[in-house]
Amino acid sequence: MASPIQQLYALQHVDTELRALRLELGALEGAAAEVKTAVGAKRSVTQAKRQEVAELERQRRDVETRLGEEEEKTKDRRMRMQRIRNEKELGALRREVEISRELSAQLEESLLRILDGGDGKLGELKVLEDDLAAAERQLVAVEQQLAERRQALAADLERLTAERARAAAQLEEGVRQRYDLLFERKGGLAVVEVRKEGDCGGCRMRVPPQLITQIHRNADVVFCPSCQRILCVPASTSSGGATRRSSSADTPG
Ligand SMILES: [Zn+2]
């Protein structure tokens, strides 16, 4: 039967692995979320530009239709002018043709403006579309990477979670809670060794000799008086077989 400190040390080993896996997945999830947000923003900008281009296209068709109509009317008036001999009517038709010619000139001018603006906007749209496509490819890649890592780590996560539950169940409730709090607050370093110099491996403050004796006795969980971490002693300096740490707690990975 392992001592409480050995059990805590083993638990910390499992928790350290779990924490590394969760951090890795968390980082990938964060990166994926960031790219997703960027893609969303690029989609709206691109969509707005598409609408601008579509609106210009609509205006272009509208002007072209009106130009065509004016052309038809002028053709029609010229044919009528050939049949009409009445000077007054001819004069009126000539004025209509003249007005129509002016209108056509204006329409052609605005058509040119629309075509110019359209070229610029089409260029802008192309840049946005390319940018969006690149971001979408990046999103697919990041999400695929995340899915692959999730799948690859699923078995490890499951194994470690089960190991964690087993290890935690062996501990007294109060000790486990205190350990959990320390692991959380002390950056994943709740159980530390007393260094051979006699100071705490966590905060480097001197550990009183009577506490070291207590740790060697291995009966109670001993806390560092200054950082409150749980103290243990390296296997080589511990007395007796009772403090020999299990190989699973020693071997990383
Ligand atoms: Zn300390």
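**Overall form and zinc site of a predicted model**

Of the 253 residues in the protein chain, 34% are buried (under 20% relative accessible area; exposed means over 50% and partly exposed in between, with a 1.4 Å probe and protein chains only). The structure is a predicted model, in which local features need pLDDT of at least 70 and side-chain atom pairs count only at pLDDT 80 or more, while totals for chains, interfaces and linings use all residues. Residues are numbered from 1 along each chain as its sequence is written, and side-chain values use heavy atoms, with hydrogens and water left out.

Five helices and three strands are found in the protein chain (DSSP runs of H or I with at least four residues, and of E with at least two, numbered from the N terminus). Their order along the sequence is α-α-α-β-α-β-β-α. The C-alpha atoms occupy a box of roughly 130 × 35 × 25 Å along the principal axes.

A friendly place to look next is the zinc ion. Its protein donors are the SG atoms of Cys-200, Cys-203, Cys-224 and Cys-227, at 2.2 to 2.3 Å (donors are N, O and S atoms within 2.8 Å of the metal, or 3.2 Å for Na, K and Ca; water is not among the atoms, so sites may look incomplete). Along the chain, these donors show the spacing C-x2-C-x20-C-x2-C. Cys-203 sits in the loop between β1 (191–193) and α4 (209–217), and Cys-227 in the loop between β2 (222–223) and β3 (230–232), so the pair ties together parts that are 24 residues apart in sequence. Cys-203 is partly exposed at 25% relative accessibility, whereas Cys-227, at 7%, is buried.
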